Amino acid sequence: MGRVVAALAALVLFPLIAPTFYVYVAALILVTALLAMSLNVVLGYGGIYQFHHGVFYGVGAYAVALAITKGGWSPWIGFIAGPFAAAGAGLLIGWFCVRLTRLYFGMLQISLGSLLWTIVLRWYPVTGGDNGIHDIATPVALRTVGGAYYFILAIVALSVAALYLIVKSPFGTTLQAVRDNPQRCEAVGVDVRRHQLIAVVIAAYFAGVAGVLYVALERSVFSNMLFWVLSLEVFVMCLLGGWYTFAGPIVGAAIMVALRTFAGRYTENWTMVIGVMLILLILFMPEGVLGFALQRLRPAPAADEG
Amino acid sequence: MILFVVSAGLSFVLGVLRVPNVFHGSLYMIGAFSAFSIATALAAHPGGFWVALLLAPAVAAAVGLIVERLVLSRLYHREHLMLILFTFGVMLILNDLVKLTWGPDYRSIVPPPALQGSFSLRGLPLPRYSVLLLIVGPLVAIAMWLFTHRTRIGKIARAAAVDRETVGILGIDVSRVFAIAFLVGCYLAGLGGALVAPTTSITLGMDHTIIIEAFLIVTIGGLGNMWGALIGALLFGVTQSVGLLIWPQFSIVFPYAATVIVLLLRPTGLLRSVW
Amino acid sequence: MLRVDGLHKSFDGFRALNGATLRVDAGSVVAVIGPNGAGKTTLFNLITGHLRPDQGSILFEEQEINALAAHEVCRRGIGRTFQIANIFPKLTVFENVQVSVLAQQRKSLDLFHRASALAIDETSAILKDTGLLGRARRIAGALSHGDQRILEIAVALGSRPTLLVLDEPTAGMSPEETAAAMALIVRLSRERGLTILFCEHDMDVVFSVAQSIMVMRQGRTIVQGPPGLVRANREVQEAYLGVNDA
């Protein structure tokens, strides 16, 4: 607990000492970290192959963007509505997908997500198609990097706390059991499909929150948020950090965003760097950075207590 | 038809090696860019395009083989999720390598004079290049069928798809068969790219779009089933054409919608899958 | 308590069950035996809702349960262990049983409490009863095979079943482990008033513990009755040529 407080304190003080660009990067890391954490609810804890998680991120972001620009809603209301739109998408898509086993779940989700992507891509008048929507009228207080940063920090901290409680609740424990052995769960009376569906909806909701925060930071949305490549990158973040740990995705997101931002300064080919890193990871460290570190640090299991 | 060639390669690799090859799309792109280079280099010679059509896929196949021999073959026993992520990593690398080799601008080549223009079929224009594709597609299908049913290696590949361990116990060098099978799949990807090169602009984003379409086609056809890939590709192509007629702005929505409908009704694909 | 009549089940043309019947009285210990492929596991899968019968009826406490899904069958009071140790390998022993207890308490979907604070008493009681309390914090995947099978029984107990269906509970166990496991099962049956239905290959175990034995062959029930009757049955002797002690 002490470590968490210290980390929070560091994050709060950060903008006071760091140059604006780094604050911006930190904010981006926070948003991406939340997105990765939301995926890990279903991936690491639920064992579900959510291949197109980016859909919910995009839906949340576009919902806010459209509510503000086309609907003329107050941004604050838009911020609240966005995640619910994403959760709704999660319910709809999830309902169709949880009836299938792992791989087919993933494929159906990709097809549904890609369908949504094509619609967003081509519906130029409404969604801005390829260009996306820009200069969204977010609240004035959030238009400075510092303002956006603190808002994002607050929401992300709350979200992560909520996710922690969820993972530690009976729902979370049962979800892990479903991941390990769905057949056994059925035999003890757990409705596996309902459980998975609820997990997908929760993950979608928080992905929507991340999407809303992205709009708060960038004041734009892009159609590639719904493109499968982004989704797979989020997947990679979870793997990179360690998907059996709670904080792993945060580490993964931080590394990926940092790499992209800073490696991008030195070479145009930072994607290659990510590719190489990914391959090395799979070959040598499949439990991810955090998973690996924890394994080294944790002492051997205690002897029988009697 | 191009979709079929690419999807057939993906489906074959998926069926025999159980590898969902995400960088299959990158090989398609490499095939297109290689065709561009070869055709441009041989522009003075009359048969240049045909040479490109034969050699460009070989480039793609060579790249695929290098990856397979170096790293992929060590990973066959890992779970599918890891294979997907691994091949995704390779895709990222190949994408940048292509950018380094050919630069970020898009390229284009024109088909040879013999294939330009169109025939007239009862008053309807039939582009000559499309006729070529209509011939090549079934040729590929027949060639694949012959390969898997008539040659020794093909039959072993089919057996290995169903039961890898037993084939290994029989003393057959499974790894060599896998390498050859993978080579075939990659060649098909490159061939698709070479075939598509004259019809569209050759860009860096080609790999991203083609791979998702190929995967969806393979899934709706039945994983690992080549005839399924044919049906899937036809479905995809036809719905896109219909879309162009009815609602041009949203033409690409149609095939994706069709895919969704098929998967909702038959999640494991229209034909039997090897999995 | 449990009545199975005329059960038929085919897989792609292969007749797994061809007219199976079974009677289990409340509070008794019933065994199902038969050569490999006789259909025992299929029968159990049908009873616990993992499969649906093509024909026939399954009545539990006078109510038909043919069409129920596995988790609904469990809620009616039938618990199950599987032929291959089927536990949650990444969770601790304690969490394994806890999942089951929470499900029984209908708290699986509870998002608002800390799991570690719930269901402690009941989970601990079950662990104590099955002798696993000392290993509560170990990761289940690290247990020995025999212990995993006991854990499975503990997990099944978490759902407070009235009928416990055990698929080859002592498979892969050493003689000492087998004896201990069977003693545990019999003791649980008496202490908790559980009805036990199990299938086994180990004839010593079966004949020493079961009050009623049902014999299957090629998907059919040959006979069901007390051990002495079954032992004397001619058809059973034929089916089990070479079985000692018959």
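Before the first selection, one cut-off: two residues are in contact if their C-beta atoms, placed from the backbone, lie within 7 Å. This is a predicted model, where local features need pLDDT of at least 70 and side-chain atom pairs count only at pLDDT 80 or more, while totals for chains, interfaces and linings use all residues. Residues are numbered from 1 along each chain as its sequence is written, and chains are lettered from A and ligands numbered from 1 in the order in which they are written.

**Stop 1: where B meets A**

Select chains A and B. The contact draws 31 residues from chain B and 31 residues from chain A. On the chain B side, the elements giving two or more residues are helix H4 (80-102), helix H9 (206-221) and helix H11 (253-265); helices (H or I, at least four residues) and strands (E, at least two) are DSSP runs, numbered from the N terminus. H4(B) supplies the largest share of that side, 14 residues. Colour the chain B side by residue class and you get 21 nonpolar, 8 polar and 2 charged. The classes work like this: Ala, Val, Leu, Ile, Met, Phe, Trp, Tyr, Cys and Pro count as nonpolar, Asp, Glu, Lys and Arg as charged, and the others, Gly among them, as polar.

**Stop 2: chain B and its helix H11**

Now hide everything but chain B. Chain B holds 11 helices and 2 strands, and along the sequence the pattern reads α-α-α-α-β-β-α-α-α-α-α-α-α. Of its 275 residues, 49% are buried, where buried takes 20 or more other C-beta atoms within 10 Å of a residue's own, exposed takes 12 or fewer, and partly exposed is in between, with C-beta atoms placed from the backbone.

Zoom in on H11(B). Its buried residues include B:Phe254, B:Tyr256, B:Val260 and B:Leu263. What covers the buried residues of H11(B)? Bring chain A back and look: the cover includes helix H5 (102-122) of chain A, together with H9 and helix H10 (226-246) of chain B.

**Stop 3: the core**

Next, select A:Val31, A:Leu34, B:Ala32 and B:Ala35. Among the 276 residues of the largest nonpolar core, these touch the most other members; a nonpolar core is a set of buried Ala, Val, Leu, Ile, Met, Phe, Trp, Tyr and Cys residues joined through C-beta atoms within 7 Å. Helix H10 (residues 192-218) of chain A gives the most to this core, with 19 residues. Centre on A:Leu34: setting aside neighbours within four places in sequence, its contacts are A:Val156, A:Ser159, A:Phe206, A:Val209, A:Ala210 and A:Leu213.

**Stop 4: over to chain C**

Which chains share the most contacts? Of the 2 pairs of chains in contact, the answer is chains A and C. That contact takes 36 residues from chain C and 27 residues from chain A. Helix H2 (70-76) and helix H3 (93-104) of chain C are the elements giving two or more residues to the chain C side, and H3(C) has the largest share with 7 residues. This side splits into 15 nonpolar, 11 polar and 10 charged. No contact joins chain B and chain C, and their closest C-alpha atoms lie 15 Å apart.

**Stop 5: strands of chain C**

Select strand S3 (residues 29-33) of chain C. All 5 of the 5 residues are buried, so S3(C) is largely enclosed by the rest of the structure. C:Val29, C:Ala31 and C:Ile33 cover one side, with C:Val30 and C:Val32 on the other. S3(C) pairs in the parallel sense with strand S8 (residues 195-199) of chain C over 4 bridges; strands pair if DSSP finds at least two bridges between them. Find C:Val29 and you'll see C:Ile196 of S8(C) opposite. Another 4 bridges join S3(C) to strand S9 (residues 212-217), also parallel, with C:Val32 opposite C:Met214.

Then pick out the open sheet of 4 strands in the order S2-S1-S4-S5 (chain C), paired antiparallel. Its edge strands are S2 (14-24) and S5 (63-64), each pairing on one side only.

Most residues other than glycine have a negative phi. A:Arg219 has a positive phi of about 60° and lies in the loop between H10 and helix H11 (228-241) of chain A. C:Arg160 also has a positive phi, near 50°, in the loop between helix H5 (145-157) and strand S7 (163-167) of chain C.
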